[in-house]
Amino acid sequence: MMQSTSSVGLVRQGWRWSGRLLGGLVSLMLTLLGLLAFTFALSHLAPIDPTLQIAGDHASEATYAQVRKDLGLDKPMPVQFWHYLQHLAHGDMGMSSITGQPVASDLMHTFPATVELATCAIILGAILGITLALLSVYKPGSWLDNVVRLVSLLGYSVPIFWLSLLGLLLFYAVLHWAGGPGRLDDVYLYTLEPRTGFVLIDTWLSGDREMFFNAIRHMWLPVTVLGLLSMAGITRLLRASMLGEINKEYVILARSKGAGRARVLLCHVFPNVLGTLITVLSLSYASLLEGAVLTETVFAWPGVGRYLTTALFASDTPAILGSTLLIGTCFVLLNALADALTYLLDPRTR
């Protein structure tokens, strides 16, 4: 009888998990479809005529009409969107008028640079943010807590483009500690064989240690700037979550049993805010992927942000649409991953 009851419980739990997984996948697909439709509609509402970009301002009416027909712009918008989905399913995002290459190929070359920069920055921001939040909550209201709050506030308040320019002026132009704009010096840039698209991995695989350290010299400054930006958000939100936990009954019970403040924070409070931490990290990482436009522009970092900026100035509609779609998809997928991890790690969400 007990075995039958446990089997029924396992079956119900399996159905519950399957239903949640199916619901999550359906929600993810609908969100991505909505993102596609919204991005596609924005591209058509923008005051940019792709026909004029190809045909030229002095093209005849017949030429203009023929180009418009070749691009499929003479059809209703739902039909254009359906054709766009069909091309997208085959990996076709159109041709960039800047590079003359397929947008998908351009994004494959630029996206690894953005991922590498954002990944290193989120690692740095997570280490600093978690450490500062723990130090702040260790003695709330102390001078250390006030310093941490001031640092996190400055991280939010200082414009990132101003901090990037100031960093270049101080550490590149004056102190010569940083490698300057770009991912490598010119002497290495055209000799490196790109294998993965990640400059640290490619330079390490090349066996040239001087090239590898040159890549680090170019990378540490933009990583630090973006890391400080993510550190501010992680510190503030994690600190607020832990302060909301330290007055709860389980913390008071642990303190009454003789547990020290550090043990309470690390063994009792911190595990209970893991769900918040995962959400904050995913949002910070997504923000770095989509918000590194100014940093990549200042540091001449050949990532998606710089590619998108160049496309905006050149009114390159396929490149703008493809870049926006890629960044938006990453944002949606990271949010879905954060929800799944929170569900697995925090029993309170089940």
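Trainee: Where is threonine 110 found?
Mentor: Threonine 110 is in helix H5, residues 103–138. A helix here is a DSSP run of H or I with at least four residues; strands are E runs of at least two, and both are numbered from the N terminus. This is a predicted model, where local features need pLDDT of at least 70, side-chain atom pairs count only at pLDDT 80 or more, and totals for chains, interfaces and linings use all residues. Residues are numbered from 1 along each chain as its sequence is written, and side-chain values use heavy atoms, without hydrogens or water.

Trainee: Why is threonine 110 called buried?
Mentor: Its relative accessible area is 12%. Buried means under 20%, exposed over 50%, and partly exposed in between (1.4 Å probe, protein chains only). So threonine 110 counts as buried.

Trainee: Which residues does threonine 110 touch?
Mentor: Pro302, Gly303, Val304 and Tyr307, leaving out residues up to four places away in sequence. Contact means heavy atoms within 4.5 Å.

Trainee: What makes glutamate 116 and arginine 183 a salt bridge?
Mentor: Their closest N and O atoms are 2.8 Å apart. The rule asks for a side-chain nitrogen of Lys or Arg within 4 Å of a carboxyl oxygen of Asp or Glu. The pair therefore passes. It links distant parts of the chain, 67 residues apart: glutamate 116 lies in helix H5, arginine 183 in the loop between H7 and helix H8 (186–189).

Trainee: Are glutamate 116 and arginine 183 buried or exposed?
Mentor: Glutamate 116 is buried, at 5% relative accessibility. Arginine 183 is buried too, at 14%.

Trainee: How many salt bridges are there by this rule?
Mentor: The count is 4. Among them is arginine 195 with glutamate 193, at 3.9 Å from N to O. Arginine 195 is partly exposed at 48%, while glutamate 193 is exposed at 52%. Another is glutamate 245 with lysine 248, at 3.2 Å. Glutamate 245 is buried at 8%, and lysine 248 is partly exposed at 37%.

Trainee: Why can such side chains pair?
Mentor: Opposite charges can pair when their charged atoms come close.

Trainee: How many aromatic pairs does the structure hold?
Mentor: It holds 4. One of them, phenylalanine 171 with tryptophan 220, is edge-to-face, with 5.4 Å between centres and 75 degrees between planes. Phenylalanine 171 is in helix H7 and tryptophan 220 in helix H10 (residues 209–243), 49 residues apart.

Trainee: Which residues do ring pairs link into a cluster?
Mentor: Phe171, Trp177 and Trp220.

Trainee: Which helix gives the most to the nonpolar patch?
Mentor: Helix H7 (residues 160–174), with 7 residues. The patch covers about 970 Å², and its members include Phe161, Trp162, Leu166 and Leu294. Areas come from the Shrake-Rupley method with a 1.4 Å probe; for residues, only the protein chains shown count as cover.

Key:
Patch = residues over 30% accessible without salt bridge, like charges linked within 9 Å, V, L, I, M, F, W, Y side chains within 5 Å. Phe/Tyr/Trp six-rings, centres within 6.5 Å; stacked < 30°, edge-to-face > 60°.
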